[in-house]
Amino acid sequence: MASINWNDGQLIEFGQGDTATCTGNLNKGQLYALFFYNYAGNDATTDVTVTGNNAFPPITVTVPGTTGDQGLAALCFVSGDDTSTIAASILNGQPGANIQAFIGSVKMPTNTRGINNRSLPLDGNMHPFEKFTRYYAVPESHWYSAQVTSNINAFISVQFTETKAEVICVNAPASGIGSVIEYYGKSAEANVTITEESRQSKTWNLSGNGTQFVWINADSTQNAEDATISVQSLQALYK
């Protein structure tokens, strides 16, 4: 039974009876996602209990079972407007449970050990988008075209700005991806958009305003082998 200091939002590994706590580090006006990966190496799902302050009840995030570390992440969104502290626990009664987790946002994780934390060139070229990759950029004040591509079913990534997030799924299943997305508190859900694309590639426009954008892979090592992301300036089209 361990208590884990999660104040930096860093990549951690925890199991039955363990609790990871980020104390006082969620900022008002910012949206965060807890990324949970099943690392147990078996097909058993794991329930993670997420708790913040006493204003809201705990919620349960079900992390799908997988073998060989090949599962996609389960996501729990939380707003710093609702709580400055967040904790994730694996309750007793789940022997063998093993979860990898980190906190993603425009701010976190501040400790990026184990995370591929890279500046994304806004050059229109396709850049590899492997597991545990966090790209960041500050687009200028004009329009850009972004694209995520993967040939694997249900490839998921998340685009963050300070107050909002968009979950982007390509090769989306007919059943949707709602089963792996949860929300803590009252504010997060209204600021999250889920975009599901049945094809292998999704293109969308974004408008820079001098603030940071972040893109985080939410899928497995296997599913991210051939995944790519690109962002290209459209400014020349308007000159």
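Predicted model: local features only at pLDDT ≥ 70, side-chain atom pairs only at ≥ 80, totals over all residues.
A residue is called buried when its relative accessible area is under 20%, exposed when that area is over 50%, and partly exposed in between, using a 1.4 Å probe and protein chains only. Residues are numbered from 1 along each chain as its sequence is written, and side-chain values use heavy atoms, with hydrogens and water left out.

Let us start with the whole chain. Its secondary structure comes to 0 helices and 20 strands; both are DSSP runs numbered from the N terminus, helices being H or I with at least four residues and strands being E with at least two. Buried residues make up 51% of the 239 residues. The C-alpha atoms fill a box of roughly 60 × 35 × 30 Å along the principal axes. The radius of gyration, taken over C-alpha atoms, can be compared with a globule rule of 2.2 Å times the number of residues to the power 0.38. For 239 residues a compact globule would come near 18 Å, and the chain has 17 Å, which agrees. Now consider contacts, meaning heavy atoms within 4.5 Å. Among those between residues at least 6 apart in sequence, 77% join residues at least 24 apart.

Next, follow one sheet. Two strands pair if DSSP finds at least two bridges between them. An open sheet of 5 strands has the order E2-E9-E4-E7-E16, with mixed pairing. Strand E2 (12–15) and E16 stand at the edges with a single partner strand each, so one side of each has no neighbour in the sheet. E2 is joined to strand E9 (residues 98–104) by 4 bridges, and the two run antiparallel. Here Phe14 stands opposite Ile99 in E9.

A pair of aromatic rings is described by the distance of the centres and the angle of the planes. Rings of Phe, Tyr and Trp (its six-membered ring) pair if their centres lie within 6.5 Å; planes under 30 degrees apart count as stacked, over 60 as edge-to-face and the rest as tilted. By this rule there are 10 aromatic pairs. In one of them, Phe77 and Phe160 are tilted, at 6.5 Å centre to centre and 50 degrees between the planes. This pair links distant parts of the chain, with Phe77 in strand E7 (residues 74–79) and Phe160 in strand E14 (residues 155–160), 83 residues apart. Phe77 is also buried, because its relative accessible area is 0%. Phe77 has a stacked pair with Tyr183 too, because the ring centres are 6.1 Å apart and the planes are at 25 degrees. Tyr183 lies in strand E16 (residues 181–184), so the pair ties together parts 106 residues apart in sequence. Phe77, Phe160 and Tyr183 belong to one aromatic cluster that also includes Phe35, Tyr37, Phe102 and Phe132.

Finally, visit Ser145 in strand E13 (residues 143–149). Is Ser145 buried or exposed? Its relative accessibility is 18%, so Ser145 counts as buried. Leaving out residues up to four places away in sequence, Ser145 touches Thr203, Trp204, Asn205, Ser230, Val231, Gln232 and Leu234.
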